[in-house]
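Please have the sequence and the model open as we go.

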Amino acid sequence: MKYVLVTGGVVSGLGKGVTASSIGVVLKACGLRVTTIKIDPYLNTDAGTMSPFEHGEVFVLDDGGEVDLDLGNYERFLDIKLTRDNNITTGKIYQAVINKERRGDYLGKTVQVVPHITDEIQDWIERVAVIPVDGKEGPPDVCVIELGGTIGDIESMPFIEALGQFSYRVGPGNFCLVHVSLVPVINVVGEQKTKPTQHSVRGLRGLGLAPDVLACRSTEPLEEHVKIKLSQFCHVPISNIVNLHDVTNIWHIPLLLRDQKTHEAILKVLDLQYDGKVPREPELGMWTKRATKLDKLKTSVKIAMVGKYTGLSDSYLSVIKALLHASVAMERKLVVEWVPSCDLEDSSAKETPEAHKKAWKLLKGADGVLVPGGFGDRGVQGKILAAKYARENNVPYLGICLGMQIAVIEFARSVMKLRGANSTEFDPATTSPCVIFMPEGSKTQMGATMRLGSRRTYFHVSGCKSAKLYANASSVDERHRHRYEVP
């Protein structure tokens, strides 16, 4: 098994997830089977109980795992299906170690971060890396591991130590470290600065890890003298310094990696030079076509995204990506209009009239309305008003999870004249409950107590509207994440 570790330095949010996904795309295009692992150093056992403002979208896997949004990137980019074990958190590791200690597995030893926590991390990686995720039999060839956070974070230390040990455990030729770092431009000077990356690499080396490939994030392509300086001070060959400058869309990132021969650098470190099995050049013809097609789209389609987390687009990342794929297929340029649901409500007209006016202007100017999932009753009335506007004005409406429940409530109130129609989530004493708490849910435990993961739905009436939406299929597999349902 070969391992590629992707770490980040200087600042968070550089795009380690997209970089890791893109590395996987290029290696897969070279004929290798790829799997991925995301390490999140937070203490939560999973992302399920975190607000989208804290950590972005909670991505749901087939097995019901509530994980980091980067695993969504991996699945979309690599066309694979991951499990909850492909997301490692500090909480999961400590929970596993404590469970072993309670069972007496450590034979009375004092349980410590080194070696017990670090060994658990390494054992977890080795166990999960061999599990196929592409529907084929046998272990994958390469496992791409992304370490969340930035080098120097106190919560990352056990993982850094474990991965340093792991590089020796698997041996030379089986471990490649790609370090993603920022090369900023100070506006006053107008020069690309290498010092932040130098400090980041120095910190990484001080912790026992040395980068084999340096992936430099910048607004513009790196100047040649900057690469030379980075090579000298970071001890990385110029051929192994990759520039990931800003591009028009993220589908260009694998092409940037290919054009700079990143695959050759990684394959060389992993001792996977051309042997008849791995092609010399990645086959990315279809990928190139899709990336360039997106850039050429001119006719726009405006979709109003009505929600309560509109201040952070990562909160609805998978929905945005689904809209993007659909718009490209229909040869339209996607324009997402973010509409805070609270601003649509009547109370907003009195308290914040400008915001209220702007929200309604965006809603009325949209070609379609999308209300995504969410929890709690804040902003619900605004979502109901959006659904009502869409229905009365024949504007295409898509409700996902809570958004679909909102549409049911609005229809029950406006068309069926059930004035008290509501969800028991918002009004437990409602006289017309059209959305109810699911029998298998828990009202006392928050984490992982919903209907989670892939469920099969059968269409009992052939030719019904629901079946037609799925090309008259007899059944459909969909991923769920909800506590309430339409009875």
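A cavity, as I use the word here, is a set of grid points where a 1.4 Å probe fits but cannot get out. Please keep in mind that this is a predicted model. The structure holds two cavities of 30 Å³ or more, and the largest cavity has a volume of about 60 Å³. Its lining includes Gly374, Cys401, Glu425 and Tyr484, and at least three lining residues come from each of domain 2 (297–434) and domain 3 (438–486).

The second largest cavity, at about 30 Å³, is lined by Ile23, Val26, Leu27, Leu257, Thr262, His263 and Ile266; by class, five of these are nonpolar, two are polar and none is charged.

Turning to the pockets, the second largest pocket has a volume of about 1300 Å³, and of the 43 residues that line that pocket, the closest to its centre are Gly15, Val18, Leu69, Asn73 and Asp314.

Finally, helix α14, residues 353–364, has His356, Ala359, Trp360 and Leu363 as its buried residues. Seen down the helix axis, these buried residues of α14 fall within an arc of 95 degrees, so they line one face of the helix, while the face turned away from that buried side carries the exposed residues Glu354, Lys357, Lys358 and Lys361.

Methods: Residues are numbered from 1 along each chain as its sequence is written. This is a predicted model: local features need pLDDT of at least 70, side-chain atom pairs count only at pLDDT 80 or more; totals for chains, interfaces and linings use all residues. Side-chain values use heavy atoms; hydrogens and water are left out. On a 1 Å grid over the protein atoms alone, a cavity is a set of points where a 1.4 Å probe fits but cannot get out, and a pocket is an open set with protein on both sides within 12 Å along at least five of seven lines; lining residues have an atom within 4 Å of a point. Grid points are joined across faces, edges and corners, and a volume is the space filled by probe spheres set on the points. Buried means under 20% relative accessible area, exposed over 50%, partly exposed in between (1.4 Å probe, protein chains only). Helices (H or I, at least four residues) and strands (E, at least two) are DSSP runs, numbered from the N terminus. The arc is that of the directions from the helix axis to the C-beta atoms. Domain bounds come from an automatic or database domain assignment. Ala, Val, Leu, Ile, Met, Phe, Trp, Tyr, Cys and Pro count as nonpolar, Asp, Glu, Lys and Arg as charged, and the others, Gly among them, as polar.
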